[in-house]
Amino acid sequence: MRTWHPSNYYHISIRGNNRQSIFQGDPDVSEYFRILRYVYEKYRFEIYAYCIMNNHTHLLLQSHEVPLGKLMAILNKRYSDYFRKKYEYTGQIYENRYYSNEIIGFMSLLNASAYIHRNPLETKIPIVQTMEQYHFSSYQYYFHNRQSPYPFLNLTLLPNLIPGQPPDKLTAYTQYCIQYKSAKHPNNY
């Protein structure tokens, strides 16, 4: 049984079966966010960082009201139903149940968010030259100082966790992500 504490943060990830693409383009990502909004209307949660890759997703979130399993069951079922119908796909689209890692401590939270945001750069062949160029990641909102387009996306927490007294916490946070050197395994925040 997975643990859940309403005041804690979690790094959630799910991968396509056999590492297959589960997002074929913009419409699929839009549908994923439409479903996230639907889940948010049922059970409030906050996402602090996300990255949607073609064959997996990363979410850094906090669920105050219900266990993660309840949120993820709705999200994953609705998205897989959409995917199966749209692409006339049979069988499971996800490799396994979702991965979750409870994040303990503010530095671990910063490191997990940097790991998530760096995903498009950490592929065998980088997808983009810089993180802000990747449109399916929350990093673009931090980098360009844009308002959150989603009610569940909280863009204030992470910059405020930067140690010290930098004059511009938002810039300090984006620089932290740029300079972060991730370990091979995401548990090593």
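**Terms and their grounds**

Q: What makes Lys86 partly exposed?
A: Lys86 has a relative accessible area of 40%. Buried means under 20% relative accessible area, exposed over 50%, and partly exposed in between (1.4 Å probe, protein chains only). Lys86 is therefore called partly exposed. The model is a predicted one, in which local features need pLDDT of at least 70, side-chain atom pairs count only at pLDDT 80 or more, and totals for chains, interfaces and linings use all residues. Residues are numbered from 1 along each chain as its sequence is written, and side-chain values use heavy atoms, with hydrogens and water left out.

Q: Why is the contact of Lys86 with Asp28 called a salt bridge?
A: The term requires a side-chain nitrogen of Lys or Arg within 4 Å of a carboxyl oxygen of Asp or Glu. The closest N and O atoms of Lys86 and Asp28 are 3.1 Å apart, so the pair qualifies. Lys86 lies in helix α2 (residues 68–87) and Asp28 in helix α1, so the pair ties together parts that are 58 residues apart in sequence. Helices (H or I, at least four residues) and strands (E, at least two) are DSSP runs, numbered from the N terminus.

Q: Is Asp28 buried or exposed?
A: Asp28 has a relative accessible area of 0%, and is therefore buried.

Q: How do you know that Arg34 and Glu31 form a salt bridge?
A: Their side chains meet at 2.7 Å, N to O. Both residues lie in helix α1, three residues apart, about one turn of the helix. Arg34, at 45% relative accessibility, counts as partly exposed, whereas Glu31, at 14%, is buried.

Q: What relative accessible area makes Arg118 buried?
A: The value for Arg118 is 10%, so the residue is buried. Its side chain meets that of Glu122 in a salt bridge (3.0 Å, N to O), and Glu122 counts as partly exposed at 42%.

Q: How many salt bridges does the rule give?
A: The count comes to five. Salt bridges that share partners also join Lys77, Asp81 and Arg84 into one network.

Q: Why do β2 and β4 stand at the edges?
A: Two strands pair if DSSP finds at least two bridges between them. The open sheet of four strands has the order β2-β3-β1-β4, with antiparallel pairing. β2 (45–52) and β4 (99–103) each have a single partner strand, so one side of each is left without a neighbour in the sheet.

Q: What makes β2 and β3 a pair?
A: Seven bridges join β2 to β3 (residues 56–63).
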